[in-house]
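Take each task in turn, have a go yourself, and then walk through the solution.

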Amino acid sequence: MVKIGIMGLTGCSGCQCEILNCEEAIYRLIEKVEISYFPLAQDNNSFGEFEILFVEGSVTTEEDERKVKEGRERAKFLVAVGSCACYGGVQSQRNDEASLEEMLLAVYGRKELPVKVQKPRAVSEVVKVDYELPGCPLDKRQFVYAVASILNGVKPFFPKIPVCHECKLSETECLTLKGIPCQGPVTFAGCGAPCTASGVGCQGCRGNCDFPNFEEMVEILKKNGLSTGDAVKFLKVFRGYQSKEIKLSEGVVENEKGA
Ligand code: SF4
Ligand code: SF4
């Protein structure tokens, strides 16, 4: 029987819980495949060969790095699930802010940790990744679609259109017009835009859509009450290494007074 594995690195396990939330689809899945490795959900696990290995979490410890490299060697397809695995996650916000020691001192009052930690990295920064299912957490419909596609020899396709597209499809009134900060114009759709439908601006949890216009996004966020600095911080929360794409021209930075 085809074997699949579900592995957790540094993260909150929310994506693995979301996979468990697939419920009916999981029952149908285990008729066709053996979930041979899923330590969060079962006692008996075998770290053997996998048709598909799903990896949640960022690579933040030496143990994470060892596990994901070993997993890569054993997996025909490796799929990063969730924004920690795809981009580095919210924990990677610290990468450019201060040294690890400075942060430990500020938060815990000491510089030592019981495990040796590195700068959080996306899985693709360490090993080859075949597919990515971003989101915080991932969208369970996309998980089911990806499993079904791969097992049937079809390449799963996720168009990198912006979340605004999904607002239009669901006839959600645009929040930016109501003065609510929203990252939909620069964020990769696929979630069905549940946040905007609830009146909460998109937080960018699925990372960059294709051709994001960050300059214009920052200008819109400023119109909705954020300073340039806060707009950039807002955009960086989930984007991890993708934050490097947020480049502003002098004009936008100087225009801070208009915020
Ligand atoms: S609410 Fe946000 S995601 Fe929806 S259309 Fe407006 S800007 Fe785009
Ligand atoms: S609307 Fe934005 S923050 Fe909400 S789930 Fe979708 S991508 Fe994530």
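**Exercise 1: the sheet**

Val81 has Leu133 of β7 as its bridge partner. This is a predicted model, where local features need pLDDT of at least 70 and side-chain atom pairs count only at pLDDT 80 or more, while totals for chains, interfaces and linings use all residues. Residues are numbered from 1 along each chain as its sequence is written, chains are lettered from A and ligands numbered from 1 in the order in which they are written, and side-chain values use heavy atoms, with hydrogens and water left out.

Task: work out in what order the five strands form the open sheet.

Solution, step by step:

- Begin with the terms: strands (E, at least two residues) and helices (H or I, at least four residues) are DSSP runs, numbered from the N terminus, and two strands pair if DSSP finds at least two bridges between them.
- Take β5 (residues 75-81) next; three bridges link this strand to β7 in the parallel sense.
- Move to β1 (residues 2-8), which is joined to β2 (residues 33-37) by four bridges, again parallel. One of the residue pairs to look up here is Val2 with Val33.
- On to β3 (residues 50-56): five bridges pair this strand with β1, also in the parallel sense. Gly8 has Glu56 of β3 as its bridge partner.
- Put together, the order reads β2-β1-β3-β5-β7, with parallel pairing. The edges are β2 and β7 (131-133), each of which pairs on one side only.
- Neighbouring strands in this sheet are turned against each other by 25° on average, direction ignored.

**Exercise 2: helices on the sheet**

Solution, step by step:

- Axes are lines fitted to C-alpha atoms, for helices over the stretch in contact, and angles run from 0 to 180 degrees between N-to-C directions.

**Exercise 3: domains and ligand shells**

Task: state the domain bounds, then list the residues around ligand 1 and ligand 2.

Solution, step by step:

- The domain assignment, which is automatic or from a database, gives domain 1 (2-151) and domain 2 (163-258). Their C-alpha centres lie 26 Å apart, and the contact takes 16 residues from domain 1 and 14 residues from domain 2.
- For the shells, a residue counts if one of its heavy atoms lies within 4 Å of the molecule. Around ligand 1 these are Val163, Cys164, Cys167, Lys168, Cys174, Leu175, Thr176, Cys182, Gly184, Pro185 and Thr196.
- Helix α7 (residues 163-170) gives the most to this ligand 1 shell, with four residues.
- Ligand 2 has Thr187, Cys191, Cys195, Cys202, Gln203, Gly204, Cys205 and Arg206 around it.

Definitions and conventions
Contact means heavy atoms within 4.5 Å.
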